[in-house]
Amino acid sequence: MNRYVITFSKMGTICYISHLDLMRMFRRTFKKAGIRLVYSQGFNPHPKMGFAQPLSLGYWGLREMMEFETVEEYDTEELRKTIASLMPDGIEIIDCRPLVGIRKTLAAAAAAAEYIIAIPVREPIGMAGQDVKDRYMGQNSIITLKKQKKKKEPVEVDIKPMIRSIEFTPEEETLFVTAVLDSGSVSNLSPELVIDTLLKCLQLNIDRSEIAVMRKKIIFEKNNHQK
């Protein structure tokens, strides 16, 4: 079994292509490059490849990860160069290496993710970063509506325990938020819920389209693959 993992960035206007379109793009790239992927068994076989975590539409990704399995062994640097040469603008192949030290899929091993959120403020926010943190995280609970699996309607949840760390840096007319959030199969917190509750807490009337989000990295379970 030949398992590899690609680390890549997704920046600029290509952030507006969907997760499914990104998957199709990589499949076409592998086919064009002549890379022989392993396929699943069954009535509808599909190539054994997948992302560590889907990246939401409109988000930039600094170190995204995708695993794949090949029929034959390849030189990782040649793989990287070949795949990189076929990528569109906005996708940079940073690294390619064998996937070792993890039996699960990357998606199953993912536990958290670090995000940088840039919120434009039309005038200085008037508080230091620690003051913003105290105001937001000093709440006894951070209640919002969250979609749950197997339930049609969103339910009220406290997202505070799902925020592993959060820091605020006001700079001129932008509030930068660096947050590590649960991002796995057991617990998952979308940055959208942090943005929504933060705006309400700070009483900021800012249109969501003006706010930029970048996923800096994905964090895996201890004793598993980490990057």
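This is a predicted model: local features need pLDDT of at least 70, side-chain atom pairs count only at pLDDT 80 or more; totals for chains, interfaces and linings use all residues.

Biologist: Start with K146. Which strand is K146 in?

Modeller: K146 sits in strand β6, residues 143–146.

Biologist: Buried or exposed, and what is the nearest side chain of opposite charge to K146?

Modeller: K146 is buried, and it has no salt bridge. The nearest side chain of opposite charge is D182, at 9.0 Å.

Biologist: What does lie by the polar end of the K146 side chain, then?

Modeller: The backbone oxygen of N188 is 3.2 Å from a polar atom of that side chain.

Biologist: And which residues does K146 touch, leaving out those up to four places away in sequence?

Modeller: P154, V155, V157, M162, N188 and L193.

Biologist: Back to D182. Where is D182 found, and is D182 buried or exposed?

Modeller: D182 is in strand β9. Its relative accessible area is 10%, so D182 counts as buried.

Biologist: What does the side chain of D182 make a polar contact with?

Modeller: The side chain of S187, at 2.7 Å. Beyond four places in sequence, the contacts of D182 include A111, A112, R164 and S187. M162 and N188 are among the contacts of D182, and K146 touches M162 and N188 as well.

Biologist: New topic: packing. Which residues touch the most other members in the largest nonpolar core?

Modeller: I119, Y136, I159, I163 and I166, out of 32 residues in that core. The elements giving two or more residues are β5 (110–120), α4 (129–137), β8 (163–171), β9 (174–182) and α5 (191–202).

Biologist: Which element gives the most to this core?

Modeller: Helix α5, with seven residues.

Biologist: Take Y136. What does Y136 touch, again skipping anything up to four places away in sequence?

Modeller: I142, I159, I163, I166, F168, V194, T197, L198 and C201. There is also a second, separate core of 21 residues, and F68, M87, I91 and C96 are included in it.

Biologist: On to charges. How many salt bridges does a search of the whole structure find?

Modeller: The search gives 13. One of them pairs E72 with R36, with the closest N and O atoms 3.3 Å apart.

Biologist: Where do E72 and R36 lie?

Modeller: E72 is in the loop between β3 (60–70) and α2 (76–85), and R36 is in the loop between α1 (19–33) and β2 (49–51). The pair therefore ties together parts 36 residues apart in sequence. E72 is partly exposed at 35% relative accessibility, and R36 is partly exposed at 46%.

Biologist: And E114? What does E114 form a salt bridge with?

Modeller: K216, with the closest N and O atoms 3.9 Å apart. That pair links distant parts of the chain: E114 is in strand β5 and K216 in strand β10 (residues 212–220), 102 residues apart. E114 is buried, at 12% relative accessible area. K216 is partly exposed, at 33% relative accessibility.

Biologist: What about K200 and D196: how far apart are their closest N and O atoms?

Modeller: 3.4 Å, and the two form a salt bridge. K200 and D196 are four residues apart in helix α5, so about one helical turn separates them. K200 is exposed at 59% relative accessibility, while D196 is partly exposed at 31%.

Biologist: Which residues do shared partners join into one salt-bridge network?

Modeller: E114, K216 and K217.

Biologist: Last topic, rings. How many aromatic pairs does the structure hold?

Modeller: Eight. Take F30 and F68: their ring centres are 4.8 Å apart and their planes are at 45°, so this pair is tilted. F30 is in helix α1 and F68 in strand β3, 38 residues apart, and the pair links distant parts of the chain.

Biologist: Are F30 and F68 buried or exposed?

Modeller: Both F30 and F68 are buried.

Biologist: Which residues do ring pairs link into a cluster?

Modeller: Y4, F8, F26, F30, F51 and F68.

Terms used
Residues are numbered from 1 along each chain as its sequence is written. Side-chain values use heavy atoms; hydrogens and water are left out. Buried means under 20% relative accessible area, exposed over 50%, partly exposed in between (1.4 Å probe, protein chains only). Lys and Arg count as positive and Asp and Glu as negative; His and the chain ends are not counted. A salt bridge is a side-chain nitrogen of Lys or Arg within 4 Å of a carboxyl oxygen of Asp or Glu. A polar contact is a pair of N or O atoms within 3.5 Å; within protein, one must be able to donate a hydrogen and the other to accept it, and residues adjacent in sequence count only if both atoms are side-chain atoms. Contact means heavy atoms within 4.5 Å. A nonpolar core is a set of buried Ala, Val, Leu, Ile, Met, Phe, Trp, Tyr and Cys residues joined through side-chain atoms within 4.5 Å. Rings of Phe, Tyr and Trp (its six-membered ring) pair if their centres lie within 6.5 Å; planes under 30 degrees apart count as stacked, over 60 as edge-to-face and the rest as tilted.
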